[in-house]
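Subject: the structure we talked about

Hi,

Here is the structure I promised to pass on. Have a look at it first, and then read on for my notes.

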Amino acid sequence: MRPEPRRRPTARQRALLADLEALFLAEGFAAFTLDDLAGRLRCSKSTLYALAPSKEQLAVKVVTQFFRGAAERIEERIAGIDDARKLIGEYLAGVAEHLNRASPSFMRDLAEFGPAREAYQLNSRFAATRLRQFIDRGVADGVFRDVHARLVAEMTGLIIEGIQTGVLGRRTDVSDAEAFTALGELLLGGLNK
């Protein structure tokens, strides 16, 4: 038996998801009930249930949408850039720019709600992989010092994990966006010839 094909969201559903994303980024999501959300969005609870079967699943859907959209826009931002230094700089600037949209409430809710946190972790792993590719490319192209590219990439992945888990933010009192900006400065300063 074939699984049912997934239906694409309607224009109204896409608009509601965009409104939910803006609301969650500004205010977080944990404190809201479905009644609160329906009131704020001027829709019925059944309209929200059509998006996801529970508030928790709705939060995961919106968080996933935020990170997926950010990743797509960052990839568009770096399309056509050949210089590894510029790739790293633009890539991490894009990450910081998108995370700057997220309020402390959103980031706290994200850290405290496992299923939503998993979306951030997945996105962070993807970012670490992309940065590894950029470092390898820079070494191969001769624009970066001949460093142990795999080791630097792995250390970068650990830093990203520290940012994503909130460890670095708690220890240094900086936002994730500020941490990604500093990571870009660290990488480019340490890799450039």
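At what angle do helix α4 and helix α5 pack, and how far apart are their axes? Before I get to that, bear in mind that this is a predicted model. The pLDDT averages 89 over the chain, and 96% of the residues score at least 70. Of the chain's elements, α4 has the highest mean pLDDT, at 96, while helix α8 (residues 149-164) has the lowest, at 82.

Now the answer: α4 (residues 55-78) and α5 (residues 84-100) pack at about 150 degrees, and 9 Å separates their axes. Anything over 145 degrees counts as roughly antiparallel, so that is how α4 sits relative to α5. The crossing of the two is right-handed. The contact between them is made up of ten nonpolar, two polar and five charged residues. If you want to find it on screen, the α4 side includes Phe66, Phe67, Ala70 and Ile74, along with the charged Arg73, Glu75 and Arg77. On the α5 side, look for Leu87, Tyr91, Val95 and His98, among others.

α5 has another partner, helix α10 (residues 176-191). Here the axes come within 7 Å and cross at roughly 170 degrees, so α5 and α10 are roughly antiparallel too. From α5, the residues involved include Ile88, Gly89, Leu92 and Ala96. They meet a set in α10 that includes Phe180, Leu183, Gly184, Leu187 and Leu188. By class, this contact has eleven nonpolar, four polar and two charged residues. Val95 and Leu99 of α5 turn up in the contact with α4 and again in the one with α10.

The C-alpha trace spans about 60 × 45 × 30 Å along its principal axes.

One thing from the records: an unreviewed UniProt entry places "domain: HTH tetR-type" at residues 21-59. In the model, that span is 69% helix and 0% strand, and its end C-alpha atoms lie 9 Å apart.

That's what I have so far.

Cheers

Technical notes. Residues numbered from 1 in each chain as written. Predicted model: local features only at pLDDT ≥ 70, side-chain atom pairs only at ≥ 80, totals over all residues. Heavy atoms only, no water. UniProt positions renumbered as here; feature names shortened; annotations may be inferred. Helix = DSSP H or I, 4+ residues; strand = E, 2+ residues; numbered from the N terminus. Axes fitted to C-alpha atoms, helices over the stretch in contact; angles between N-to-C directions. Parallel < 35°, antiparallel > 145°, perpendicular 65-115°, else oblique. Left-handed = near helix turned anticlockwise from the far one by under 90°. Contact = heavy atoms within 4.5 Å. pLDDT = per-residue confidence, 0-100.
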